[in-house]
Amino acid sequence: MKYDDNNIFAKILRGEIPCEKIYEDDFILSFYDINPQKKIHALVIPKGKYIDLDDFSSRATPEEMVGLLKGINVVVKKLEISTDTGKGYRVLSNISEHGGQEVPHLHFHLFGGEKVGKMVQ
Ligand code: AMP
């Protein structure tokens, strides 16, 4: 499958549509989900053109991989849901059809701010 440059997160990355930004650096952009499923529902996306986690894991550079994981850590600290605060959160990535992925640009959902409940419903 080829990366679709017209997906909504690609448009957000290009600044063509707005987002409620939480954090940005050379590797990632983080913003609030438009349809929050929990008290805190943030998204973290890599700046590179990757469809999903499989695509990222096979093609991303080591720098991009480190940048993504470190970026998630910065975001959860900023949101005050990291283990430093004694709270915690859930990170989730939907992959392709069976995973229920809607937007074909790799993204991690961060859920927190309250107990997030069962792992899968
Ligand atoms: P997924 O089903 O894992 O692909 O999740 C896509 C997520 O993107 C959903 O939780 C949507 O609510 C969210 N979403 C879609 N469009 C936007 C947008 N313009 N800004 C922020 N979040 C969005």
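H109 has a relative accessibility of 10% in this predicted model. Buried means under 20% relative accessible area, so H109 counts as buried. The residue sits in strand β5, which covers residues 108–112.

What surrounds H109 once its neighbours within four places in sequence are left aside? The residue is in contact with D33, H41, A42, L43, R90, V91, L92 and N94. With one of these, H41, there is also a polar contact: the side chains of H109 and H41 meet at 2.8 Å.

Together with D33, N35 and Q37, they are the lining residues that lie nearest its centre. The lining has 31 residues in total, and the space inside comes to about 740 Å³. By type, 16 of the lining residues are nonpolar, nine are polar and six are charged.

Several elements of secondary structure share in this lining. At least two residues each come from α1 (8–13), β2 (28–32), β3 (40–46), β4 (89–92) and β5. The largest share belongs to α1, with three residues.

The pocket can now be placed in the whole chain. The protein has four helices and five strands, and from the N terminus on their order is α-β-β-β-α-α-β-α-β. Among contacts with a separation of 6 or more, 52% join residues 24 or more positions apart. Of the 121 residues, 38% count as buried.

As for overall dimensions, the C-alpha atoms fill a box of roughly 40 × 30 × 30 Å along the principal axes. The radius of gyration is 14 Å, which agrees with the value near 14 Å for a compact globule with 121 residues.

Technical notes. Residues are numbered from 1 along each chain as its sequence is written. This is a predicted model: local features need pLDDT of at least 70, side-chain atom pairs count only at pLDDT 80 or more; totals for chains, interfaces and linings use all residues. Side-chain values use heavy atoms; hydrogens and water are left out. Buried means under 20% relative accessible area, exposed over 50%, partly exposed in between (1.4 Å probe, protein chains only). A polar contact is a pair of N or O atoms within 3.5 Å; within protein, one must be able to donate a hydrogen and the other to accept it, and residues adjacent in sequence count only if both atoms are side-chain atoms. Contact means heavy atoms within 4.5 Å. On a 1 Å grid over the protein atoms alone, a cavity is a set of points where a 1.4 Å probe fits but cannot get out, and a pocket is an open set with protein on both sides within 12 Å along at least five of seven lines; lining residues have an atom within 4 Å of a point. Grid points are joined across faces, edges and corners, and a volume is the space filled by probe spheres set on the points. Ala, Val, Leu, Ile, Met, Phe, Trp, Tyr, Cys and Pro count as nonpolar, Asp, Glu, Lys and Arg as charged, and the others, Gly among them, as polar. The radius of gyration is taken over C-alpha atoms; the globule rule is 2.2 Å times the number of residues to the power 0.38.
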